[in-house]
Amino acid sequence: MASARSAAEGGEAPIGAVIVSAEGALLGEAGNAPIGTHDPTAHAEILAMRAAGAAVGNYRLTGAALFVTLEPCAMCAGAISHARIARLVIGASDPKGGAVWHGPKFFGQSTCHWRPDVVQGPYAEESSELLRAFFRERRKS
């Protein structure tokens with residue numbers, strides 16, 4: 001949640017991601033940053049996976065768990081599959097842009113080569129409220 005709050009303070013959508021190894025070591029952590037970096041791929045999940053890959057010296061993050069505050073989009077779901085993330089823990093669902101439980105349901109496609117264990121995380125309501133408050137404030141401006 002700290003990465004999501006930090007992203008919001010920087011004017012980004014309040015989405016955060018953390019990756020831990022099978023042993024529980026922190027491998028990567030990031031908040032959303034496409035606006036500030038001028039990079040449409042700078043979603044929290046992608047940035048966290050880049051950091052984790054650098055930390056372990058491999059693009060495959062076998063055995064790792066990814067915790068994210070919002071249901072990943074199709075781009076992030078594809079990267080999660082390529083990285084071989086073992087477990088995906090999602091805070092809030094995203095009926096409009098999510099691709100795990102909504103939209104293309106990426107991991108259910110026959111062309112998906114790797115499927116993580118996907119679970120609803122314990123911070124669903126807190127994540128949802130953080131997002132609602134952020135966009136409520138943006139609409140006032």
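The two of them now talk through some helices, aromatic pairs and backbone angles.

Modeller: Please keep in mind that this is a predicted model, where local features need pLDDT of at least 70, side-chain atom pairs count only at pLDDT 80 or more, and totals for chains, interfaces and linings use all residues. Residues are numbered from 1 along each chain as its sequence is written, and side-chain values use heavy atoms, with hydrogens and water left out.

Biologist: Which residues of H3 are buried, and what do they pack against?

Modeller: Buried means under 20% relative accessible area, exposed over 50%, and partly exposed in between, using a 1.4 Å probe and protein chains only. In H3 the buried residues are Ala 44, Glu 45, Ile 46, Ala 48, Met 49, Ala 52 and Gly 53. They pack against strands E1 (16-20), E2 (26-31) and E3 (65-70), and against helix H4 (74-83), where contact means heavy atoms within 4.5 Å.

Biologist: Why is H3 called roughly parallel to H4?

Modeller: Axes are lines fitted to C-alpha atoms, for helices over the stretch in contact, with angles from 0 to 180 degrees between N-to-C directions. Angles under 35 degrees count as roughly parallel, over 145 as roughly antiparallel, 65 to 115 as roughly perpendicular and the rest as oblique. The axes of H3 and H4 come within 9 Å and cross at roughly 25 degrees, so H3 is roughly parallel to H4.

Biologist: Which residues meet there?

Modeller: From H3, Glu 45, Ile 46 and Met 49 meet Met 75, Cys 76, Ala 79, Ile 80 and Ala 83 of H4. The buried residues of H4 include Cys 76, Ile 80 and Ala 83, and the buried residues of H4 pack against H3, E3 and E4. Just after H4, Arg 84 has a positive phi of about 65 degrees.

Biologist: How many aromatic pairs are there, and what makes Phe 106 and Phe 107 edge-to-face?

Modeller: Rings of Phe, Tyr and Trp (its six-membered ring) pair if their centres lie within 6.5 Å, and planes under 30 degrees apart are stacked, over 60 edge-to-face and the rest tilted. That rule gives two aromatic pairs. Phe 106 and Phe 107 have ring centres 5.6 Å apart and planes at 90 degrees, so this pair is edge-to-face. Phe 134 and Phe 135 are an edge-to-face pair too, with 5.0 Å between centres and 85 degrees between planes.

Biologist: How do you know whether Phe 106 and Phe 107 are buried or partly exposed?

Modeller: Phe 106 has a relative accessible area of 23%, so it is partly exposed. Phe 107 has 8%, so it counts as buried.

Biologist: Why is His 38 called exposed?

Modeller: Its relative accessibility is 72%, so His 38 counts as exposed. His 38 lies in the loop between helix H2 (34-37) and H3, and has a positive phi of about 60 degrees although it is not a glycine.

Notes. Helices (H or I, at least four residues) and strands (E, at least two) are DSSP runs, numbered from the N terminus.
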